[in-house]
Amino acid sequence: MDVNQAKQEHLLALKVMRLTKPTLFTNMPVTCEDRDLPGDLFSRLMKEDPSTVKGAESLMLGEMLTLPQNFGNIFLGETFSSYISVHNDSAQVVKDILVKADLQTSSQRLNLSASNSAVAELKPECCIDDVIHHEVKEIGTHILVCAVSYTTQSGEKLYFRKFFKFQVLKPLDVKTKFYNAETDEVFLEAQIQNITTSPMFMEKVSLEPSLMYNVTELNTVTAGDSGESTFGKMSYLQPMDTRQYLYCLKPKPEFAEKAGVIKGVTVIGKLDIVWKTNLGERGRLQTSQLQRMAPGYGDVRLSLELIPDTVNLEEPFDITCKITNCSERTMDLVLEMCNTSSIHWCGVSGRQLGKLSPSSSLYLPLKLLSSVQGLQSISGLRLTDTFLKRTYEYDDIAQVCVVCPFNGPDS
């Protein structure tokens, strides 16, 4: 931050400087072949250069650190730190010095001063120092307002202010996608892109679910007793690179029964992202509450709670269906089972299931067999509401792999 001093008529001078960590010094190595005209001149000069790494003089990166030469960029989620110094340039003692630092954003004004009490006196060539910190939570224009008030020896009260304007930039671009499973599970894909000009070390990317859900992170591969990140051991995100994170949310038991009848917009949770840049400078960003539109299931929802992956040809197998009344009225349901070219239902078709009140569910065990090998779709279930004489058809509910158990030469 540029150093600003008070006008000459004031007895005090105000200096403000942003505090940032240093950066590694880089140089531009110049080399040539030994048979070229300069010979080993460039090589000897680089070896004598104190900023180069001994034994690796041709590398641009050195061992020295350099202090910031300009204000630099401030990104959302980082901590803004600034050093404020008020110096008495006069030859007289100044009394009742009050230094106040406020940060003005587009929506609010924040007081960053560590102390709001006045200093009794300030002798010549002495100074008052303060360091302020603020976690940046808004993008756009920010104005640091530093105000100084004091009293001279003659009792005159003086006051002046200085303004320091800076922009807060967006460090990450976060996009989310939702995928709804038939088992009431919700899969969240978060795409995170580094839109800064320097690499980031992604320390943590987690999902804090809402009260309705439990979350499982799907960003590790289990190897023995420990899990390894799918992104490897070095979790760096280069500039403009994008990384996908996947999470599975499952309704808690107390909400599981109502999961099938939830309508409209529901709150899923929020992402918590922590990263480090340069020499360990940390940034943190939390998204707003993520929302998704609950899928529409109509008046009656039929889902499979239990089904085998693989079954034998022409051998009966069991499945369990869950029927949920998503309407606001009581239903009297009748179940019909229609055979297809490959799927044959076992049991009585047209049986009464009884009355089903709104938002309630029932579990229905069924038995069926397949007469065709391969991947077969389970279809042919019909539910009829006798009150409204309305029939709901359910085809392609799930798929099952049908195999022949007889593979020998005599089969």
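Predicted model: local features only at pLDDT ≥ 70, side-chain atom pairs only at ≥ 80, totals over all residues.
Local features need pLDDT of at least 70 and side-chain atom pairs count only at pLDDT 80 or more, while totals for chains, interfaces and linings use all residues. Residues are numbered from 1 along each chain as its sequence is written, and side-chain values use heavy atoms, with hydrogens and water left out.

The model holds three aromatic pairs, where rings of Phe, Tyr and Trp (its six-membered ring) pair if their centres lie within 6.5 Å, and planes under 30 degrees apart count as stacked, over 60 as edge-to-face and the rest as tilted. One of them joins F201 and Y236 edge-to-face, at 5.6 Å centre to centre with 65° between the planes. The two residues are 35 residues apart, F201 lying in strand β14 (residues 200-209) and Y236 in strand β18 (residues 236-237); strands here are DSSP runs (E, at least two residues), numbered from the N terminus. The table gives their accessibility, for which buried means under 20% relative accessible area, exposed over 50% and partly exposed in between (1.4 Å probe, protein chains only).

| Residue | Relative accessible area | Class |
|---|---|---|
| F201 | 29% | partly exposed |
| Y236 | 42% | partly exposed |

Elsewhere, three strands form an open sheet of mixed pairing in the order β24-β33-β30, two strands being paired if DSSP finds at least two bridges between them. Because β24 (310-312) and β30 (374-378) stand at the edges with a single partner strand each, one side of each is left without a neighbour in the sheet. Strand β24 runs parallel to β33 (residues 398-403), and three bridges join them; N312 has V403 of β33 as its bridge partner.

Definitions and conventions: Helix = DSSP H or I, 4+ residues; strand = E, 2+ residues; numbered from the N terminus.
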